[in-house]
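Subject: Structure handover

Hello,

I am passing on the structure we spoke about, with some notes to go with it. Please look it over before reading on.

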Amino acid sequence: MDKLKSFITILLFCLSTNFCLAQNNIISHGISTFGDLKYDKDFKHLSYVNPNAPKGGEISFWAFGSFDSMHPYTRKGRAGAYSSIFFESLLEGTSDEIDSAYGLVAKEIQYPEDRSWVIFSLRKLVKFSDGSPLTAKDVLFSFNLLREKGLPSFRAVLEKDVKKAELISDSKIKFIFNEDVPKRDLINTVGGLPIFSQKYFVDNNVDFESSTLTPAVGSGPYILDKVDVGKQIIYKKNPNYWGNNLSINKGRYNFDRFRVEYFADYNSAFEGFKAGTYTFRNEASSKIWATGYDFPALEKKWVKKTTLPDGNLSSGQSFVLNLRREKFQDIRVRKAMGLMFNFEWSNNTLFYGLYERINSFWDNSDLKAVGMPENEELEILNKHKAVLDVNTFSEKVYTFPTSSSKQLDRKNLRQASTLLDQAGWTVGDDGLRRNSEGKTLDVEILNDSQAFDRIINPYIENLKKLGVNAANIKIDNAQMTDRRRKFDFDILVGFLSTQLTPGSELEQYFGSDSADFSIFNLTGIKDKGVDAIIKDVRAAKSREELGFAIRALDRVLRNKVIWVPQWFKNKHTIAYYDMYEHPKALPPYDIGVLDTWWMNSDKYNNLKDVGALN
């Protein structure tokens, strides 16, 4: 009798937590990289949503440049903003946890403790927007499609890490991972892949690699309503969306429509907002934020201007140096380029003191490296001492020095001059630096944004004072897309983004194997030390262990000087027409405007009555 009672107790616990061991396999409604899931099996809704949020209305945003495709998973064409919203995945993360994912299309997952494989059990009655059922066959089809014809970033991970995927039934699919790769994040990786309709691609004989303005069929909450090529995209809520009643979707996707208006430059986009052409703006220009919000709609309180906290990592925004260029293969040249950008002067003169300097790839977190390496971080570095530079152990982590309040910091100029002299770029009679072959040190900064001229031009002036034949090369958005993909640039403004729980994407941004093809590895870095520590990051078995590995990686990357870091702010500076509302407790990792906000119809009608909106 006692044994029976014990068995019943264990069984009840297993069923209540949905965290069971079946032949040493874990069965759960979600997965966390480290630690426990915040939400249990029977959670009613996410803690940061308003489950009773009103439905309906429209919100609108702006986008830069143009677009000629609604297919975001091919390198051909320029995909429209939000064009991945049609597609859902087996698992979905939340905005209040760092590394958890819960079943979306999948109802539950089963996997062993070593995470060497995973079985996804799909929910019943999941449907694509055309009404056809979504089954495990579509999941397998999508996986094979992305591995064989997807973007290089998809192909690299899926080919390297996933041994195979196999159908168990129409509602179950199993992924088996390769033995010699870190498996900590792989369930999240395959669980986060977009799911396409096999029927759509096969019946219509659609080439996945072609650019198209007709989006593929997905199962997501929004479908395409209207496209005006290069000018406007309108999305509308699918009235038959299968997932409306899921706990993870309660209080989300509250707008009936959302619209994206395209503008050729930043200033014209702001004028469009002032005129009511679109209704929500996440302000990225410090000058406009400080001086531009004095227009009639704001004075009449039609527009609300505010700040909200941002707990995300810094964006990694920087002047990206292309190490594929021979001149930038010498670190002394790269350091000299960085010394000529005066952040302090820019922040005080151009940015109204709104920003802080980015120094780390993990800024705005406790994961950034500081000072000299110590303790567990030093142990990791020592393990790879044979492939790391000596200065990694003998010097503090590299940080660009603070500059003076004047545009040209003379101390930094002298230091940069010494570095270029040592690198063999000496000043000739005409004031230009040349190498032993007589070639000038030519440096082009690609720029497709008129608003960035005021930042790039002072930087160009400082480089010229150094003897560098520098130029601000203005190109349009289409040219920028093409040249980025071909790695045809010296320097451009890019985002070397990271995550609080990084995984395989590190190899796409910084791994040697990705340098020649990944659109994310803009710098083209190839370094055995970086590769080795990325493996340590991916293999970490606890958050503490992960932190030491990330700090080691941050140190090594910063010491390589592959960027000239720019700036960030730890708050959202936003403005919107005062008809939108949001939950009181916003999550730390996403402002969630399209996801969790809603429209107050009374406020909308008031704005409409006074002519505030176009």
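Predicted model: local features only at pLDDT ≥ 70, side-chain atom pairs only at ≥ 80, totals over all residues.

Two packed helices are described by the angle between their axes and the distance between the axes. Here, helix H2 covers residues 136-149 and helix H3 covers residues 152-161. Their packing angle is about 110°, and the axes lie 7 Å apart. Since angles of 65 to 115 degrees count as roughly perpendicular, H2 is therefore roughly perpendicular to H3. The crossing of H2 past H3 is left-handed. On the H2 side, the contact is formed by Phe143, Leu146, Arg147, Glu148 and Lys149. H3 contributes Phe154, Arg155, Leu158 and Glu159. Sorted by type, the residues of this H2 and H3 contact come to five charged, four nonpolar and no polar.

The two residues

Most residues other than glycine have a negative phi. Asparagine 375 sits in helix H11, which spans residues 375-383. Its relative accessibility is 55%, so asparagine 375 counts as exposed.

Valine 561 is found in the loop between helix H18 (543-560) and strand S23 (563-565). Is valine 561 buried or exposed? With a relative accessible area of 1%, valine 561 is buried, because buried means under 20%.

Regards

Conventions
Residues numbered from 1 in each chain as written. Heavy atoms only, no water. Axes fitted to C-alpha atoms, helices over the stretch in contact; angles between N-to-C directions. Helix = DSSP H or I, 4+ residues; strand = E, 2+ residues; numbered from the N terminus. Parallel < 35°, antiparallel > 145°, perpendicular 65-115°, else oblique. Left-handed = near helix turned anticlockwise from the far one by under 90°. Contact = heavy atoms within 4.5 Å. Nonpolar A, V, L, I, M, F, W, Y, C, P; charged D, E, K, R; others polar. Buried < 20%, exposed > 50% of the residue type's maximum accessible area, 1.4 Å probe, protein only.
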